[in-house]
Amino acid sequence: MQHFFYDTDIGLLILTFGEALLLLVPLLIGVAYLTYAERKVLAAMQLRKGPNVVGPFGLWQPFADALKMLMKETVIPSGANRFLFLIAPMLTFSLAMLAWAVIPVNDGWAIANINVGILYLFAISSLGVYGIIIAGWASNSKYAFLGALRSAAQMVSYEVSMGFVLVTVLLCAGSLNLTQIVESQNHYWLGFIPAWYCFPLLPMFVVFFISTLAETNRAPFDLPEGESEIVAGFFVEYSAMSFALFFLGEYANMFLMSGMTTILFLGGWLPPFPVAPFTWIPGVIWFVLKVCVVLFFFLWVRATFPRYRYDQLMRLGWKVFLPLSLLWLVITAAALMAFGWWPTYA
């Protein structure tokens, strides 16, 4: 049986398909319940109840929302490009799923453990802007087109500083492989302080997290869908399941960015302390818990900060984050060279 799965093309195809299902089904359920979690967290922070009618504690609310979207009619504007209008939400959602092919949720638990995993992730996350631009252009609406242009400028602005953050982590890890990046954090200072990159690279960690907010169009950087000035931005003409795919794509991207933050800065599946009972908990549980903590910060930021003006958004990206990330990259490289801290397997 093992020979069939590993040595034949059909077996490899079945194995890959099974691995993809094992990863994507929990991920899709997680995306659905992230919408519920957001409404509950925001409600708690605003002293409200949140969803509490559909099922016990409102737990069936995501399924009720999905059913409602399925029952609605997809309205396509008469002047829209029909093909591009329908393909844009699929593209946005599919790219958020594709990126998980290289993310290891535990030691050896990656569908494709490629040596350039970080480049693959950066490329896939950068492609996400195309779905939004296509949606804005294909809708044949000025509001949608303005939202698409805003999104393009915003994503490009913050990807530059994200790129420098990734290079800084690569210098410390000495590898583009995501599993090796996690393994390079698998030691402890003074025997109990985890050597995760969020500590020595704290400014880069902050820059990366704020950039992920801008990359996923989340508050306070949700300018592409600013309802006060451009109604709903790039998806103003969308309804029913096409709208739902954009909505789910945004939340799937939040999961993706939280996974990237966990891998690069929070030690992936590694426990915070190298002693029992922390070492008894499986690595995949630690990975999920860290992703949930990062997701909570996404929600917390939305409840706390007002939306930025567009000039403030651009100024932060180009005049603050870009010089800061470039400076920290140079400082990191100089420190590694001066103290002989280059990774041994680089």
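Guide: Of the 346 residues of the chain, 47% count as buried, where buried means under 20% relative accessible area, exposed over 50% and partly exposed in between, with a 1.4 Å probe and protein chains only. The model is a predicted one, in which local features need pLDDT of at least 70 and side-chain atom pairs count only at pLDDT 80 or more, while totals for chains, interfaces and linings use all residues. Residues are numbered from 1 along each chain as its sequence is written, and side-chain values use heavy atoms, with hydrogens and water left out.

The chain has 12 helices and 2 strands, which are DSSP runs numbered from the N terminus (helices: H or I, at least four residues; strands: E, at least two). In sequence order the pattern reads α-α-α-α-α-α-α-β-β-α-α-α-α-α. The radius of gyration is 21 Å, close to the 20 Å that the globule rule gives for 346 residues, so the chain is as compact as a globular protein of that length. That radius is taken over C-alpha atoms, and the rule is 2.2 Å times the number of residues to the power 0.38. The C-alpha trace spans about 65 × 55 × 45 Å along its principal axes.

Contacts show how the chain is folded onto itself. Among contacts between residues at least 6 apart in sequence, 74% join residues at least 24 apart; a contact means heavy atoms within 4.5 Å.

Now to the inside itself. The largest nonpolar core has 66 residues, of which Trp100 and Phe265 touch the most other members. Helix α10 (residues 240–265) gives the most to this core, with 11 residues. Apart from it lies another core, of 13 residues, including Val129, Ile132, Ala152 and Phe246. A nonpolar core is a set of buried Ala, Val, Leu, Ile, Met, Phe, Trp, Tyr and Cys residues joined through side-chain atoms within 4.5 Å. In soluble globular proteins, nonpolar side chains tend to be buried together.

Leaving aside residues up to four places away in sequence, Phe265 touches Val165, Val169, Gln185, Trp196, Tyr197, Cys198, Leu201, Met204, Phe205 and Phe208. A separation of 14 Å lies between the C-alpha atoms of Phe265 and Leu289, which are 24 residues apart along the chain.

One of the partners of Phe265 is Met204, a residue of helix α8. Met204 is buried, since its relative accessible area is 0%. Again not counting residues up to four places away in sequence, Met204 touches Val165, Thr168, Phe265, Leu324, Ser325 and Trp328.

Ser139 sits in the loop between α5 (117–138) and α6 (142–173), and is buried because its relative accessible area is 1%. With residues up to four places away in sequence not counted, Ser139 touches Pro77, Ala80, Phe85, Ala144, Phe234, Glu237 and Tyr238. Asn217, in the loop between α8 (202–215) and α9 (227–230), counts as buried at 4% relative accessibility. The phi of Asn217 is near 60 degrees, a positive value in a residue other than glycine.

Most residues other than glycine have a negative phi, and most peptide bonds are trans. Thr279 lies in the loop between α10 and α11 (283–304) and counts as partly exposed, at 44% relative accessibility. Beyond residues up to four places away in sequence, Thr279 touches Pro271, Phe273 and Pro274.
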